[in-house]
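Hello,

Here is the structure we talked about handing over.

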Amino acid sequence: MAKHKRKKNKKKLGFVLLILILLIGGGAYYLLNHKEVKQQIEKKIVKKLKIVDQDSKSRPIAVMINNNHKAWPHAGLQDSYINYEIIAEGGITRIMAIFKDKDTAKIGSVRSARPYYLDYALENDAIYVHYGWSDDAKKDINTLGVDNINGLTASSVFWRDTSLKKASEHTAFTSMEKIKDYAKDNGYMRDTNKDLLLNYSVDEININKKEDAKKADKIYIKYSYYTDTTYEYDEENKVYKRSMSGTAHVDAITGDQYTAKNIIIIPIKNHSYDSYGRQKLENIGSGEGYFITNGYAVPITWEKESRKGQTIYRYKNGKEIKVNDGNTWIQIQPDGETLTIEGEEEENTTNE
């Protein structure tokens, strides 16, 4: 009887050991297999840009921003992924802000069109939003077939913020909702037929090892007696804080200072062509400039073959630049004005 009981206990023990072996083996197999599966899944995950949806085919929106000092502060530029600042008459600059897939509630104040801004709206395949136009801009909009929204005729898209207690020309604002509704009703909404203007890197890039790289902690860009733009590097957040004519460039809604992740500076010849001082730019062709990001500046070249053609920015070795995942300010500066790029260790001054 005892012998039979021992045999029975041995069988039970063997069975338990078998179960344990199977459990341990199965667990090990699961862990190994799970790790493999996890690695395979991670390989298939594609990193996405934060500044703009690379897969989106929706058209960008280009809005003309009033930059008369009396029009400050601006609203909505925290949502634009590219901004062009270019000289206009009277030494004043205007900003053209490019938006994509945003629902910004207040943008402005909005100002009138000038011909050369069309070139940069077209290179982004953008719907062009403005309030008024010069005679030449009106003619070019019609000749070039620019999809545009003009405050003089599309009153439903704009409103006057009379609470600002400013001259009327500084009070026109718009929103993405109003722009998109009008664009849809007028057949402007379609898939874009152009790639993004700039090549973005989802991984942080540093240009300090590039040829002729310079430290860039402070940047001073003179446009005229009336306007200059400066940037100061915020090393902790890896962005540049933006100021204009000695005043921090802040948003009217949030009160936050605008920043730039990437800065492109290209000096271009300009001249007045009428008694009002309106400008012409020699922006079709090629030239040199700077690309600045993460505390460093490198010399680059630019090339724009036609008004509709996209500007191509290259390093000196001929390779197209890649910009960091973030917004970009393109500073198109009058050739011959002062450009100063300063670092803690060195200073570089050009264009004088």
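Predicted model: local features only at pLDDT ≥ 70, side-chain atom pairs only at ≥ 80, totals over all residues.

Residues are numbered from 1 along each chain as its sequence is written, and side-chain values use heavy atoms, with hydrogens and water left out.

Three strands make an open, antiparallel sheet in the order 4-8-7. Strands are DSSP runs of E, at least two residues, numbered from the N terminus; two of them pair if DSSP finds at least two bridges between them. Strand 4 (107-108) and strand 7 (158-160) are the edge strands, each pairing on one side only. Strand 7 is joined by three bridges to strand 8 (residues 172-174). R160 has A172 in strand 8 as its bridge partner.

Charges over rings. The charged end of R160 also sits over the ring of Y131, 4.7 Å from its centre. K106 lies over the face of F173, 4.5 Å from the ring centre. The criterion is NZ of Lys or CZ of Arg within 6 Å of the ring centre and within 35 degrees of the ring normal.

Aromatic pairs. There are five in the structure. One of them is Y233 with Y240: the ring centres are 4.8 Å apart and the planes are at 40°, so the pair is tilted. Rings of Phe, Tyr and Trp (its six-membered ring) pair if their centres lie within 6.5 Å; planes under 30 degrees apart count as stacked, over 60 as edge-to-face and the rest as tilted. Y233 counts as buried at 16% relative accessibility, and Y240 counts as buried at 0%. Buried means under 20% relative accessible area (1.4 Å probe, protein chains only).

Regards

Conventions. Buried < 20%, exposed > 50% of the residue type's maximum accessible area, 1.4 Å probe, protein only. Helix = DSSP H or I, 4+ residues; strand = E, 2+ residues; numbered from the N terminus.
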